[in-house]
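Here is my notebook from a first look through this structure.

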Amino acid sequence: MDAQNSRIEELLQKIKQQQYKLDKQNLQIKSLQSKVNLLIPLHLKDNKTQSPKWKISPKKSFSHTNQSHNVSVEPALPHKLPEDCQQLFLAGQQSSGVFQVQPSGSQPFKVYCDMTAEGGWTVIQRRTDGSVDFDQLWDAYKNGFGDLHGDFWLGLEKIHHLVQEGRYNLLIELEDWEGNSQEIQFEFSLGGESTAYTLNLLGPLSGELENAIGDFRQLPFSTRDRDHDLKADTNCAKHLSGGWWFSTCGHANLNGKYFRSIPRQRHERKQGIFWKTWKGRYYPLKSTTMKIQPAALEAEP
């Protein structure tokens, strides 16, 4: 009997301990509830079951944050391309090759840059092996054709964009089949398509080669389908071959037919690449290069 009473006392003691713990936990819960009530706005206390008038959408919140970030941080400006090969040379490029340029008011396009001790030259025409047919129509000469690593015509529109902002020099290099070479350099300007890309030579600057393009007159460009030459009764581009700044057909044509050997027949030779004041009217040249560079500014007195 005593043992049973002792057992009952132990159980009652455990119950009291558990009750004490429960009472303590209830006090803690009430204390936390009071703190929560202090944080709840008054208009929500009046209607605890009222649904919130706004809610956060995780996707919209992320999108809004991302938009705010885009507004506050300006995108990086694209890298500015050089306007021509001379700018590229002045920026430190010393090796020749194909590069992308963007003259003022033009879309970017690729050019071949010939880097020399005198600076960077933008090549606008090259004839070396006859791999490209230069007997093309107006649109081809306007837009350009060929391979920048080989024979090509850059395009009248591109040339116009390159030179329209300032003074430019044109360097013409010629080679015959005996390994001899000559060159001549002009200061020039070039009009747009509305002028038929009229070439205006402002005078020779250097070189032993005599001028054969014309007496520094304004010469519009001609092709078989756009006859703008100065010979009234003849279409020089059709009579000869290729597109060029023809005067009266017989002075020069660096875009004529390429011959890998000199033809025997005179009527064939006249369609070739020629510069009348060097080697004569009926000698088809082996190679030609035309390249341009900004004219050097004269020093102020």
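**Entry 1: the disulfides**

I began with Cys236, which a disulfide joins to Cys249, with 1.8 Å from S to S. I was working with a predicted model, where local features need pLDDT of at least 70, side-chain atom pairs count only at pLDDT 80 or more, and totals for chains, interfaces and linings use all residues. Residues are numbered from 1 along each chain as its sequence is written, and side-chain values use heavy atoms, with hydrogens and water left out.

I looked up where the two cysteines sit: Cys236 lies in helix α7 (residues 236–239) and Cys249 in the loop between α7 and β10 (252–253), so the pair ties together parts that are 13 residues apart in sequence. Helices (H or I, at least four residues) and strands (E, at least two) are DSSP runs, numbered from the N terminus. The torsion about the S-S bond of Cys236 and Cys249 is about -85 degrees, so I noted this disulfide as left-handed. I found both Cys236 and Cys249 buried; buried means under 20% relative accessible area, exposed over 50%, and partly exposed in between (1.4 Å probe, protein chains only).

How many disulfides does a search of the whole structure find? It finds two, counting a pair of cysteine sulfur atoms within 2.5 Å as a disulfide. I wrote down Cys85 and Cys113 as a joined pair too, with S to S at 2.0 Å. Their link is left-handed, with -75 degrees about the S-S bond. Cys85 lies in helix α4 (residues 85–90) and Cys113 in strand β2 (residues 109–116), so this pair ties together parts 28 residues apart in sequence. Cys85 has a relative accessible area of 0%, and Cys113 also comes out at 0%. Counting bonded cysteines along the chain, I get the pattern 1-2, 3-4.

**Entry 2: the core**

Next I looked up the largest nonpolar core and found 61 residues. Such a core is a set of buried Ala, Val, Leu, Ile, Met, Phe, Trp, Tyr and Cys residues joined through side-chain atoms within 4.5 Å. Those with the most contacts inside it are Trp153, Ile172, Phe188, Trp245 and Trp275. The largest share of this core, five residues, comes from β2.

**Entry 3: Lys286**

Is Lys286 buried or partly exposed? I found Lys286 partly exposed, at 30% relative accessible area. I located Lys286 in the loop between β11 (274–275) and β12 (287–294). Leaving aside neighbours within four places in sequence, Lys286 is in contact (heavy atoms within 4.5 Å) with residues including Arg127, Glu175 and Tyr258.
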